[in-house]
Amino acid sequence: MTHALAILAAGEGGNGFWIPHDVNEVFVGSAAFFIVIGLLYWKAGPAIKAAMAKRGDDIAADLDEAAQAKADAEGERDAIATQLADRETEVARIHADAEATAAKVEADLIAKGEAEAKAIRLRGGSDVEVARRQARADLQAELARLSLGAAEAVVAESLDDSTQADLIDQYIAQLGARS
Amino acid sequence: MSEARTETYAEALLGLARAEGAEAAVADELYRVAREIDGNAELRSTLTDASLPADRRTKVVTDVLGGKVAPATLAALSAVVASGRADELGAIADALAASSAGSAGKALTTVRTAVALSDDQQQRLATALEAAAGRPIEPRFVVDPEVVGGVHAEIGDQVIDGSVRSRLIQLRELF
């Protein structure tokens, strides 16, 4: 206040003192000041109080809202954390399933390969055996054909008239034995 | 050739032979001539050549067999050749011989040997075969080198095989 009065006094052109020369100006000025203050307190005070109260309420509401948002965010964070945990569990399960499936497929492929290899070995052995038997049979047949051809030639050569007569006599004797 | 046609030809030729009183001669000679022709490729080819006129084929028959067989046999053979059935002469001759034998109450019996048989052998064989068949037979002896040795006899549908050939075949089947 004194500072303001000094400034006012300085505005009047100044007399070297901190109060005007005219004391009435001090009274009038003070009265006007208090009137203005009073008017301000009377007219603007409630509005200011209301504004201040509203401001407090707003801040409280903002705080509540912030708290709620914080709680929501924390809930969301927890949910996400839970989901992440579930995802990790699912990933672990899928990974385990994949490993189990891969192991089973590998085992199946190995078993199938071994079975096919065994079948091929057996078939190969069987084919070789069949071919060997066929070759043996063919050889026997060829030997028989050649032997019989030679035998026929030898027999035909050895069948002179006497032998032919003997064969016919044997035939007649056999007929006699039948009848 | 169908069996019915063979039988018809055989019966017709047999009727002609009977009419001429030469049934036995025709049956025997036609049977033998049929086998001779069957074993002679050139003669068979000539007699079965459809491009040759019938009189040319019958002339060949006359030239080859004239005077060697009975006139009734030559006539029967010429008839078969002229009608273009020379390739069926064997079947016709068999049917004629069988029919002739059957008329006499005998079974036509074909006896195949590798060598020609003496009269004594033929007689003993006929007797033995007749005894084995249990009925009278009409034997026809044929020399067939395929027999190799021994005897192969067919009495109607009955076969009595004592040939070396059959033994060789049995031996072949054992392998």
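Author: We begin with a pair of helices in chain B. Helix 2 and helix 6 of chain B make a left-handed crossing. Keep in mind that this is a predicted model.

Reader: How is a pair of packed helices described?

Author: Two packed helices are described by the angle between their axes and the distance between the axes. In chain B, take helix 2 (residues 23-39) and helix 6 (residues 89-103). Their axes come within 9 Å and cross at roughly 155°.

Reader: Are helix 2 and helix 6 of chain B roughly parallel or roughly antiparallel?

Author: Angles over 145 degrees count as roughly antiparallel. Helix 2 and helix 6 of chain B are therefore roughly antiparallel to each other.

Reader: Which residues make the contact between helix 2 and helix 6 of chain B?

Author: Helix 2 of chain B brings B:E23, B:A27, B:L30, B:Y31, B:A34, B:I37 and B:D38. From helix 6 of chain B come B:L89, B:G90, B:A93, B:L96, B:A97 and B:S100. By class, this contact of helix 2 with helix 6 of chain B has nine nonpolar, two polar and two charged residues.

Reader: Now a strand. How are side chains arranged in a regular strand?

Author: In a regular strand the side chains alternate between the two faces of the sheet. Look at strand 1 of chain B, where both faces are covered. On one side B:A107, B:T109, B:V111 and B:T113 are buried.

Reader: Why is strand 1 of chain B described as largely enclosed?

Author: Seven of the seven residues of strand 1 (residues 107-113) of chain B are buried, so the strand is largely enclosed by the rest of the structure.

Reader: Which strand does strand 1 of chain B join, and by how many bridges?

Author: Seven bridges join strand 1 to strand 2 (residues 137-143) of chain B, and the two run parallel. B:R112 stands opposite B:V142 of strand 2 of chain B.

Reader: What does chain A look like along its sequence?

Author: Its pattern is α-α-α. Chain A has three helices and zero strands. Of its 179 residues, 3% count as buried.

Reader: How many residues of chain A are in contact with chain B?

Author: In chain A, 21 residues are in contact with 22 residues of chain B. Helix 2 (23-158) and helix 3 (161-178) of chain A each supply at least two residues of the side that touches chain B. Helix 3 of chain A gives the most to that side, with eleven residues. By class, the side of chain A that touches chain B has twelve nonpolar, six polar and three charged residues.

Notes:
Residues are numbered from 1 along each chain as its sequence is written. Chains are lettered from A and ligands numbered from 1 in the order in which they are written. This is a predicted model: local features need pLDDT of at least 70, side-chain atom pairs count only at pLDDT 80 or more; totals for chains, interfaces and linings use all residues. Axes are lines fitted to C-alpha atoms, for helices over the stretch in contact, and angles run from 0 to 180 degrees between N-to-C directions. Helices (H or I, at least four residues) and strands (E, at least two) are DSSP runs, numbered from the N terminus. Angles under 35 degrees count as roughly parallel, over 145 as roughly antiparallel, 65 to 115 as roughly perpendicular and the rest as oblique. A crossing is left-handed if the near helix is turned anticlockwise from the far one by less than a right angle, and right-handed if clockwise. Two residues are in contact if their C-beta atoms, placed from the backbone, lie within 7 Å. Ala, Val, Leu, Ile, Met, Phe, Trp, Tyr, Cys and Pro count as nonpolar, Asp, Glu, Lys and Arg as charged, and the others, Gly among them, as polar. A residue is buried if 20 or more other C-beta atoms lie within 10 Å of its own, exposed if 12 or fewer, and partly exposed in between; C-beta atoms are placed from the backbone. Two strands pair if DSSP finds at least two bridges between them.
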